[in-house]
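Open the structure in your viewer and keep the selection panel handy. Each stop says what to select and what is there.

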Amino acid sequence: MRVNWREINAARNSYACLFAACSLHGFTLRPVKSPGSEITCYSLNSLNEPRFRKEIREASCTTVVGGPHATACPREVARYADYVVVGEGESTLPRLLARLEEGAEGPVPGVVTRDGGLPADHSVLLDGFPPFTVMKGYIEISRGCPFGCAFCQTPRIFGFAMRHRSIDAIATYARRYRDVRLVSPNALAYGSDGRRPRLDRVERLLTSLEGNIYFGTFPNEVRPEFVSDEALGLIARYCSNTRVAFGIQSGSDRVLAGIGRGHTVADGVRAVELCRDQGLTPVVDLILGFPFETGEDEEATLRLIRWVTRSGRVRLHSFIPLPGTPLAGTSPRPVSPAADRLLGRLALDGKLTGSWRDPGKRFSMVPADTPL
Ligand code: SF4
C-alpha cells in the first residue's frame, strides 16, 4: 500500500517522528507536493488549514489529516477529509494504516470520520518511539504541560501531565548531531512534574550530551519562574547558547491573571535581571491584542518591551484565538497606531522581532508541531 506524506514546512518535525513511528510497522511515508495515489497524510495547524482544505476535499486518494487543527476541530475537518487523527499520532496513524491495508471495518480509537469516532485509548510514552530516523528532526525531550494558558493549544493536545524521554534515549539520538537542539514546552522542567524544577535531572541530562547543546533557547524555551541562578549556571556551564528565551506574554498582571498564566510580571522581570547578571541575553516572548486587554494593559506591555530591549530582545506576537482553547472564537484587540509606530522603530533597531503585524508567521517558526 502506498502512503504519502504531504510536505508542509510547518509540519517538518511531525513528519520526522511519524515517519519513524510508521516505519516500525512497515509503512513508509513518501514525501509528496500534492496528493498522491492511494493514501495521503497531512498535518495542519489552524493557520495553514484553510490553504489545504480544497486540495484535500478534491483529492482522488484517501486522505488522513491530523495536527493541532484537526485535534481541535475534528468534526469540521471530517467534512472534507476521509479520516481525522485526533491528538498524538505515533500509535494511532500506523494502526489506522494497518486497518486500511487489511480493508477491515470498524472505528479506530483516536480517529474521527463523517460517521463519528472513538476517543484515543492511550497516551504516547516518548521512549516507545524514536524522535526521528532517516528523516531527521529535533529531539523532543518532554511533552504535555500542567499550565493551562488560555491562548495555548499545547496542554489541550498533549495533556496537562508532563512526560519525558529518558536521558539514555536522548543521548543516543543526540549523538547524530553536532548541534543538539531539543524540543520541550519548558526545558527547565525536564524530569519534573512540570511545576517544581528538578535541576539535578537537568544537569544529568546536560552532562550526558556531547556536541554543542542549545538548551533554554529556541526550540526549547522556558517559563520565567523556572529561571534561577542555579538553572542559568547549568546553561552557562554546559551549553553553547548565549541567549535564554522565555515568555512573559504581557506587561500587565491583570492580563496574566486573565489568561491563567501562573506567574506575574515581577517573575518575568526577575528572570531578565538574572540572565543579564549571568551575561546571558534574555529573549522575551510577548503577546499584544488579548480580547480583554485595555489601553492601560497595552501601555504596561509597551513599558516592559522598552525595558527588556535595553539589555535583551523581544519577540512580539499578536494574539490569535486558536480553536480548542478557552479563547477560541474571541476577537483580538487591534494594536494601537502609536504602539505600532514604537514597535516598528524597535524592530528597525534590531531589538524586536516577531509577527505582531503578520500572525501567520508565528506558526511557520514553531517546530514543535503536533505529531498528527
Ligand atoms: S504557553 Fe507554555 S506554559 Fe502556557 S500552556 Fe502553553 S506550553 Fe504550557
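Select strand E11, residues 179–183, together with E12: the two run parallel and are joined by three bridges. Strands here are DSSP runs of type E with at least two residues, helices are runs of type H or I with at least four, and both are numbered from the N terminus. Two strands count as paired if DSSP finds at least two bridges between them. This is a predicted model, in which local features need pLDDT of at least 70, side-chain atom pairs count only at pLDDT 80 or more, and totals for chains, interfaces and linings use all residues. Residues are numbered from 1 along each chain as its sequence is written, and side-chain values use heavy atoms, with hydrogens and water left out.

Now pick out residue pairs between these strands. Val180 stands opposite Ile213 in E12. Arg181 faces Tyr214 of E12.

Stay on Tyr214. Is this residue buried or exposed? Tyr214 is buried, at 17% relative accessible area; buried means under 20%, exposed over 50%, and partly exposed in between, with a 1.4 Å probe and protein chains only. Leaving aside residues up to four places away in sequence, Tyr214 touches Asp179, Val180, Arg181, Leu182, Asn220, Ser240 and Asn241. Contact here means heavy atoms within 4.5 Å. Draw a distance from the C-alpha of Tyr214 to that of Val180: 6.1 Å, across 34 residues of chain.

E8 and E11 run parallel, joined by two bridges. Glu140 has Val183 in E11 as its bridge partner. The open sheet of three strands now reads E8-E11-E12, with parallel pairing. E8 (139–140) and E12 (212–214) are the edge strands, each with a single partner, so one side of each has no neighbour in the sheet.

Next, helix H7, residues 167–174. Six of its eight residues are buried. Colour them: Ile167, Ala169, Ile170, Ala171, Tyr173 and Ala174. Their cover includes E8, E11 and helix H8 (199–208).

Move to strand E3, residues 39–43. Why call this strand largely enclosed by the rest of the structure? Five of its five residues are buried, so the strand is largely enclosed. Show the side chains. Ile39, Cys41 and Ser43 point one way, and Thr40 and Tyr42 the other. In a regular strand, side chains alternate between the two faces of the sheet.

Bring in the partners of E3. Strand E1 (residues 3–6) pairs with E3 in the parallel sense over three bridges. Strand E4 (residues 62–66) also runs parallel to E3, joined by five bridges. Thr40 stands opposite Thr63 in E4, and Asn4 stands opposite Thr40.

The whole structure holds two cavities of 30 Å³ or more.

Last stop: the ligand. Which residues are around the ligand? Select Cys145, Phe147, Cys149, Phe151, Cys152, Thr154, Pro155, Pro185, Arg223 and Arg261. Each has a heavy atom within 4 Å of the ligand. The shell divides into seven nonpolar, one polar and two charged. Here Ala, Val, Leu, Ile, Met, Phe, Trp, Tyr, Cys and Pro count as nonpolar, Asp, Glu, Lys and Arg as charged, and the others, Gly among them, as polar.

Note on methods
1 Å grid on protein atoms, 1.4 Å probe; cavity = no way out; pocket = protein on both sides within 12 Å on 5 of 7 lines; lining within 4 Å. Points joined across faces, edges and corners; volume = space filled by probe spheres on them.
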